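Visitor: I am new to looking at protein structures, and I would like to learn how to read some of their features step by step. Could you take me through this one?

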Amino acid sequence: MMRPDAKVQRVYLYPKPVDFRKSINGLAALVELDIKVEVFNPVLFVFLNRTRSQVKILYWERNGFCLWLKRLEAERLGCWAHARRKFVDAQKVQPKGKTGRADMALNLINKLYGIERDLKEATDSERLAARQQRSQPLLDQLKAWLDKTQPQIVGQTALGKAVNYLASNWSKLVRYVEGGHLPIDNNRAENAIRPFVIGRKNWLFSDTPKGATASAQIYSLIETAKANDQEPYAWLRYILERLPTASSVEDYEALLPWSCRLAAPS
């Protein structure tokens, strides 16, 4: 993988997802046709794949384009709620009155959640420090238990499925301790979409793909408003009244739910 020799002056992000089966020439054609910038300078052109999980970066080198970075796979976060649920299922099939292997893992996972409850009001920096100090040793214990237990478990049992899930997703599950802003699970997102999931039969009446897309966009706006402590109806009415007169980036940014503060209803 080569790196540009000259200092990069500008970075351009291609606005649409791209089929990564395209060659360098195919991506270069997009630069010439769509981005329409002078390429004979130290600039980078960034392309995302259709799932927005990978990236390709081109730059101009002497007489043509070169590929600087190819297929950088984004590491995703794991969900400890899913892992815990699998160990709860494994615990349910244990003989009554007996302590099984699922209890050990479940106990450690519950301790991780206990730490998160303690840090509910903490800042990101405080949460990061506490996770490194308190959560990381528990994760080390759980990993040691996992390495010892996995070879001894039959994969098709409830415990085997829980253990294998933990092993195959371990690198994603432990990522949350790398930053205080990272969530331990995706429960917040699942809770946000639950009202729409419950009413999924109603979505049959979206009639067309465009109607379904419009509905999804409205739901996204509503949940974003809620996440920023806005009353959805009041915020939507506020921005719709002001959008016709917005003419600059600053005007639009002022209408975003985290930028504007509406007066409390009387």
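Visitor: How many residues apart are R237 and E241 in helix α9, and how much of a helical turn separates them?

Guide: Please keep in mind that this is a predicted model. In helix α9, R237 and E241 are 4 residues apart, so about one helical turn separates them.

Visitor: What do the side chains of R237 and E241 form where they meet?

Guide: The general idea is that side chains of opposite charge can pair when their charged atoms come close. In this case the side chains of R237 and E241 meet in a salt bridge, with 3.3 Å from N to O. R237 counts as partly exposed because its relative accessible area is 49%, which lies between the limits of 20% and 50%.

Visitor: How many salt bridges does a search of the whole structure find, and which residue does D124 pair with?

Guide: The search finds 8 salt bridges in the whole structure. One of them joins D124 to R127, whose closest N and O atoms are 3.2 Å apart. Both D124 and R127 belong to helix α4, which covers residues 124–149, and they are 3 residues apart, about one turn of the helix. Another salt bridge brings together the side chains of E178 and R175, at 3.8 Å from N to O.

Visitor: Are D124, R127 and E178 buried, partly exposed or exposed?

Guide: The way to read this is through the relative accessible area, where buried means under 20% and exposed means over 50%. With 43%, D124 is therefore partly exposed, whereas R127 is buried because its value is 13%. E178 has 54% relative accessibility, so E178 counts as exposed.

Visitor: Which residues form a nonpolar patch on the surface?

Guide: The patch is formed by L240, L243 and Y252, which together have about 290 Å² of accessible area. Of these, L243 sits in the loop between α9 (232–242) and α10 (249–253), and L243 counts as partly exposed because its relative accessibility is 33%.

Visitor: At what angle do helix α2 and helix α3 pack?

Guide: One reads such a pair from the directions of the two axes and the distance between them. Helix α2 (residues 80–92) and helix α3 (residues 101–118) pack at about 145°, and their axes are 9 Å apart. The contact includes W80, F87 and V88 from α2, and L106, I109 and Y113 from α3.

Key
Residues are numbered from 1 along each chain as its sequence is written. This is a predicted model: local features need pLDDT of at least 70, side-chain atom pairs count only at pLDDT 80 or more; totals for chains, interfaces and linings use all residues. Side-chain values use heavy atoms; hydrogens and water are left out. Patches are made of residues with over 30% relative accessible area and no salt bridge: like charges are joined within 9 Å, nonpolar side chains (Val, Leu, Ile, Met, Phe, Trp, Tyr) within 5 Å. Accessible areas come from the Shrake-Rupley method with a 1.4 Å probe; for residues, only the protein chains shown count as cover. A salt bridge is a side-chain nitrogen of Lys or Arg within 4 Å of a carboxyl oxygen of Asp or Glu. Helices (H or I, at least four residues) and strands (E, at least two) are DSSP runs, numbered from the N terminus. Buried means under 20% relative accessible area, exposed over 50%, partly exposed in between (1.4 Å probe, protein chains only). Axes are lines fitted to C-alpha atoms, for helices over the stretch in contact, and angles run from 0 to 180 degrees between N-to-C directions. Contact means heavy atoms within 4.5 Å.
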